[in-house]
Amino acid sequence: MSETKKNTTIKLAKLKAFVWFGLAAAMVACGAEYTPKPKGFNRIDLPLQTYQTLQEEHPYTFEYSEHAKIRPDSSMIAQPHWINIIYPSLGANVQLTYKDINNNQKMLNDLMEDARKLTSKHQVKAYSIEETEVKIPTGDVASVFELEGEVPSQFQFYVTDSTQHFLRGALYFRTATQNDSLAPVIDFVKKDIIHMLNTLKWKENK
(Lines give C-alpha, C1' and ligand atoms only; values in the text may rest on other atoms or scores of the structure.)
Protein backbone atom coordinates (compact mmCIF):
# COMPACT_ATOMS: atom_id res chain seq x y z
CA MET A 1 0.00 0.00 0.00
CA SER A 2 1.41 3.41 -0.98
CA GLU A 3 2.02 6.07 1.64
CA THR A 4 -0.75 8.28 0.18
CA LYS A 5 -3.38 5.51 0.37
CA LYS A 6 -2.29 4.62 3.89
CA ASN A 7 -2.78 8.25 5.07
CA THR A 8 -6.21 8.41 3.38
CA THR A 9 -7.28 5.14 5.08
CA ILE A 10 -6.17 6.45 8.49
CA LYS A 11 -8.09 9.70 8.01
CA LEU A 12 -11.29 7.86 7.02
CA ALA A 13 -10.97 5.58 10.04
CA LYS A 14 -10.60 8.58 12.35
CA LEU A 15 -13.58 10.28 10.73
CA LYS A 16 -15.78 7.18 11.18
CA ALA A 17 -14.69 6.85 14.80
CA PHE A 18 -15.54 10.52 15.42
CA VAL A 19 -19.00 10.16 13.83
CA TRP A 20 -19.82 7.00 15.80
CA PHE A 21 -18.65 8.67 19.02
CA GLY A 22 -20.89 11.67 18.35
CA LEU A 23 -23.92 9.47 17.65
CA ALA A 24 -23.33 7.46 20.82
CA ALA A 25 -23.04 10.61 22.90
CA ALA A 26 -26.27 11.99 21.40
CA MET A 27 -28.13 8.75 22.19
CA VAL A 28 -26.92 8.81 25.79
CA ALA A 29 -27.99 12.44 26.13
CA CYS A 30 -31.45 11.72 24.72
CA GLY A 31 -31.95 8.86 27.14
CA ALA A 32 -30.84 10.88 30.16
CA GLU A 33 -33.58 12.19 32.46
CA TYR A 34 -33.96 15.98 32.31
CA THR A 35 -34.29 17.79 35.61
CA PRO A 36 -35.53 21.37 35.27
CA LYS A 37 -33.82 23.98 37.40
CA PRO A 38 -36.03 25.68 39.97
CA LYS A 39 -37.14 29.19 39.09
CA GLY A 40 -34.88 31.73 40.76
CA PHE A 41 -36.10 35.01 42.25
CA ASN A 42 -34.12 38.09 43.19
CA ARG A 43 -33.45 38.41 46.90
CA ILE A 44 -35.63 41.05 48.54
CA ASP A 45 -34.40 42.52 51.82
CA LEU A 46 -37.36 43.95 53.71
CA PRO A 47 -36.99 46.54 56.49
CA LEU A 48 -38.42 46.25 59.98
CA GLN A 49 -42.07 47.25 60.17
CA THR A 50 -42.16 50.48 62.15
CA TYR A 51 -44.86 53.15 62.04
CA GLN A 52 -45.57 56.85 62.30
CA THR A 53 -48.78 58.88 62.66
CA LEU A 54 -50.28 60.68 59.68
CA GLN A 55 -49.74 64.41 60.25
CA GLU A 56 -51.56 65.92 57.25
CA GLU A 57 -54.96 67.55 57.74
CA HIS A 58 -57.58 65.03 56.65
CA PRO A 59 -60.93 63.80 58.08
CA TYR A 60 -59.06 60.65 59.10
CA THR A 61 -55.79 59.70 60.72
CA PHE A 62 -53.86 56.46 61.09
CA GLU A 63 -50.39 55.02 61.51
CA TYR A 64 -48.42 54.18 58.37
CA SER A 65 -44.98 52.79 57.61
CA GLU A 66 -41.90 54.87 58.44
CA HIS A 67 -40.49 53.60 55.13
CA ALA A 68 -43.31 55.22 53.14
CA LYS A 69 -44.07 58.78 52.06
CA ILE A 70 -47.43 60.55 51.83
CA ARG A 71 -48.17 62.30 48.55
CA PRO A 72 -51.41 63.98 47.44
CA ASP A 73 -53.22 62.34 44.54
CA SER A 74 -52.31 64.41 41.46
CA SER A 75 -54.56 62.62 38.96
CA MET A 76 -57.15 64.49 36.88
CA ILE A 77 -60.02 63.01 38.89
CA ALA A 78 -58.47 63.58 42.33
CA GLN A 79 -60.68 65.00 45.06
CA PRO A 80 -59.87 66.51 48.47
CA HIS A 81 -58.24 64.09 50.90
CA TRP A 82 -57.19 61.59 48.21
CA ILE A 83 -53.62 60.55 48.94
CA ASN A 84 -50.96 58.00 47.99
CA ILE A 85 -48.82 56.07 50.47
CA ILE A 86 -45.68 55.48 48.43
CA TYR A 87 -42.93 52.97 49.23
CA PRO A 88 -39.95 54.28 47.18
CA SER A 89 -37.66 51.31 47.86
CA LEU A 90 -40.35 48.69 47.16
CA GLY A 91 -42.06 50.21 44.13
CA ALA A 92 -45.39 49.96 45.95
CA ASN A 93 -48.22 52.46 46.23
CA VAL A 94 -51.38 52.40 48.33
CA GLN A 95 -53.98 54.69 46.79
CA LEU A 96 -56.54 56.12 49.21
CA THR A 97 -59.76 57.84 48.14
CA TYR A 98 -62.15 59.52 50.57
CA LYS A 99 -65.76 60.66 50.46
CA ASP A 100 -67.87 62.58 52.95
CA ILE A 101 -71.21 60.78 52.71
CA ASN A 102 -73.06 63.29 54.93
CA ASN A 103 -75.73 60.82 56.11
CA ASN A 104 -76.68 60.06 52.51
CA GLN A 105 -77.63 56.37 52.46
CA LYS A 106 -77.90 56.25 48.68
CA MET A 107 -74.41 57.69 48.27
CA LEU A 108 -73.07 55.12 50.74
CA ASN A 109 -74.71 52.25 48.84
CA ASP A 110 -73.35 53.58 45.53
CA LEU A 111 -69.82 53.89 46.93
CA MET A 112 -69.86 50.34 48.29
CA GLU A 113 -71.16 49.05 44.96
CA ASP A 114 -68.50 51.00 43.05
CA ALA A 115 -65.79 49.58 45.31
CA ARG A 116 -66.92 46.03 44.52
CA LYS A 117 -67.13 46.79 40.80
CA LEU A 118 -63.58 48.16 40.79
CA THR A 119 -62.39 44.97 42.47
CA SER A 120 -64.33 42.70 40.12
CA LYS A 121 -62.65 44.32 37.09
CA HIS A 122 -59.61 42.20 37.93
CA GLN A 123 -61.54 38.92 37.57
CA VAL A 124 -60.16 38.42 34.05
CA LYS A 125 -56.65 37.83 35.43
CA ALA A 126 -57.39 36.92 39.03
CA TYR A 127 -57.93 33.24 39.81
CA SER A 128 -59.09 34.06 43.33
CA ILE A 129 -60.79 37.05 44.98
CA GLU A 130 -61.46 36.60 48.68
CA GLU A 131 -63.54 39.09 50.66
CA THR A 132 -63.19 39.32 54.43
CA GLU A 133 -64.89 41.61 56.92
CA VAL A 134 -62.58 42.94 59.60
CA LYS A 135 -63.88 44.71 62.70
CA ILE A 136 -61.52 47.54 63.64
CA PRO A 137 -61.09 49.33 67.01
CA THR A 138 -63.45 52.19 66.00
CA GLY A 139 -66.24 49.62 65.93
CA ASP A 140 -66.58 49.94 62.16
CA VAL A 141 -66.26 46.98 59.81
CA ALA A 142 -63.76 47.09 56.94
CA SER A 143 -64.33 44.98 53.83
CA VAL A 144 -60.97 43.59 52.66
CA PHE A 145 -60.39 41.99 49.26
CA GLU A 146 -57.35 39.78 48.57
CA LEU A 147 -56.66 39.00 44.91
CA GLU A 148 -54.42 36.22 43.62
CA GLY A 149 -53.02 35.95 40.10
CA GLU A 150 -51.16 38.30 37.77
CA VAL A 151 -53.29 41.30 38.70
CA PRO A 152 -52.17 44.95 39.00
CA SER A 153 -53.79 45.32 42.44
CA GLN A 154 -53.37 42.51 44.96
CA PHE A 155 -55.13 44.00 47.99
CA GLN A 156 -58.09 46.38 48.28
CA PHE A 157 -60.42 47.53 51.03
CA TYR A 158 -63.06 50.02 52.04
CA VAL A 159 -64.21 51.14 55.46
CA THR A 160 -67.03 53.44 56.57
CA ASP A 161 -68.78 54.62 59.71
CA SER A 162 -72.05 54.52 57.68
CA THR A 163 -72.90 58.17 58.39
CA GLN A 164 -70.06 60.54 57.45
CA HIS A 165 -66.87 58.84 56.29
CA PHE A 166 -66.02 56.46 53.46
CA LEU A 167 -62.39 55.48 52.81
CA ARG A 168 -61.23 53.13 50.06
CA GLY A 169 -57.71 51.82 49.43
CA ALA A 170 -55.94 49.77 46.76
CA LEU A 171 -52.39 48.43 46.61
CA TYR A 172 -50.45 48.75 43.33
CA PHE A 173 -46.89 48.05 42.23
CA ARG A 174 -44.97 50.16 39.70
CA THR A 175 -43.18 47.15 38.25
CA ALA A 176 -43.68 44.42 35.64
CA THR A 177 -42.27 41.78 37.99
CA GLN A 178 -44.51 38.73 38.40
CA ASN A 179 -46.51 38.53 41.60
CA ASP A 180 -44.86 35.23 42.60
CA SER A 181 -41.55 37.02 43.06
CA LEU A 182 -43.27 40.00 44.72
CA ALA A 183 -45.04 37.78 47.28
CA PRO A 184 -42.83 38.79 50.27
CA VAL A 185 -43.30 42.49 49.46
CA ILE A 186 -47.05 42.08 48.95
CA ASP A 187 -47.36 40.38 52.36
CA PHE A 188 -45.20 43.13 53.91
CA VAL A 189 -47.45 45.94 52.64
CA LYS A 190 -50.62 43.96 53.48
CA LYS A 191 -49.53 43.91 57.13
CA ASP A 192 -48.98 47.68 56.97
CA ILE A 193 -52.49 48.18 55.57
CA ILE A 194 -54.05 46.04 58.34
CA HIS A 195 -52.08 48.09 60.90
CA MET A 196 -53.38 51.24 59.24
CA LEU A 197 -56.99 50.00 59.58
CA ASN A 198 -56.42 49.02 63.20
CA THR A 199 -55.14 52.53 64.01
CA LEU A 200 -57.69 54.41 61.87
CA LYS A 201 -59.57 57.22 63.60
CA TRP A 202 -62.17 59.54 62.10
CA LYS A 203 -62.16 63.28 62.65
CA GLU A 204 -65.22 65.51 62.79
CA ASN A 205 -65.90 67.12 59.41
CA LYS A 206 -65.88 70.88 59.48
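**Notebook: strands, rings and a pocket**

I began with strand β9, where eight of the eight residues are buried, so the strand is largely enclosed by the rest of the structure. I note here that the model I am reading is a predicted one.

**Entry on the neighbours of β9.** I looked up which strands pair with β9, and on one side I found strand β8 (residues 141-149), which pairs with β9 (residues 153-160) in the antiparallel sense over five bridges.

Phe155 has its bridge partner in β10, namely Leu171. The hairpin of β9 and β10 has four residues between the strands, and in this hairpin I noted Ser162, which takes a positive phi near 75 degrees.

**Entry on aromatic rings.** How many aromatic pairs does a search of the whole structure find? The search finds five. One that I looked at is Tyr60 with Phe62, whose ring centres are 5.9 Å apart and whose planes meet at 5 degrees; planes under 30 degrees apart count as stacked, so this pair is stacked. Tyr60 is buried, with a relative accessible area of 0%, and Phe62 is buried as well, with a value of 1%.

Next I checked Phe145 and Tyr158, whose ring centres are 6.3 Å apart with planes at 35 degrees, so I recorded the pair as tilted. Phe145 lies in strand β8 and Tyr158 in strand β9, so this pair ties together parts that are 13 residues apart in sequence. Are Phe145 and Tyr158 buried or exposed? Both of them are buried. I also noted one aromatic cluster, which is formed by Tyr60, Phe62, Tyr64 and Tyr98.

**Entry on the largest pocket.** Last, I looked up the largest pocket, which holds about 360 Å³ of space. Its lining is made of 15 residues, and the closest of these to the centre are Ile77, Trp82, Thr97, Leu118 and Arg168. Sorted by class, the lining has eight nonpolar, three polar and four charged residues.

Terms used:
Residues are numbered from 1 along each chain as its sequence is written. This is a predicted model: local features need pLDDT of at least 70, side-chain atom pairs count only at pLDDT 80 or more; totals for chains, interfaces and linings use all residues. Side-chain values use heavy atoms; hydrogens and water are left out. On a 1 Å grid over the protein atoms alone, a cavity is a set of points where a 1.4 Å probe fits but cannot get out, and a pocket is an open set with protein on both sides within 12 Å along at least five of seven lines; lining residues have an atom within 4 Å of a point. Grid points are joined across faces, edges and corners, and a volume is the space filled by probe spheres set on the points. Ala, Val, Leu, Ile, Met, Phe, Trp, Tyr, Cys and Pro count as nonpolar, Asp, Glu, Lys and Arg as charged, and the others, Gly among them, as polar. Two strands pair if DSSP finds at least two bridges between them. Helices (H or I, at least four residues) and strands (E, at least two) are DSSP runs, numbered from the N terminus. Buried means under 20% relative accessible area, exposed over 50%, partly exposed in between (1.4 Å probe, protein chains only). Rings of Phe, Tyr and Trp (its six-membered ring) pair if their centres lie within 6.5 Å; planes under 30 degrees apart count as stacked, over 60 as edge-to-face and the rest as tilted.
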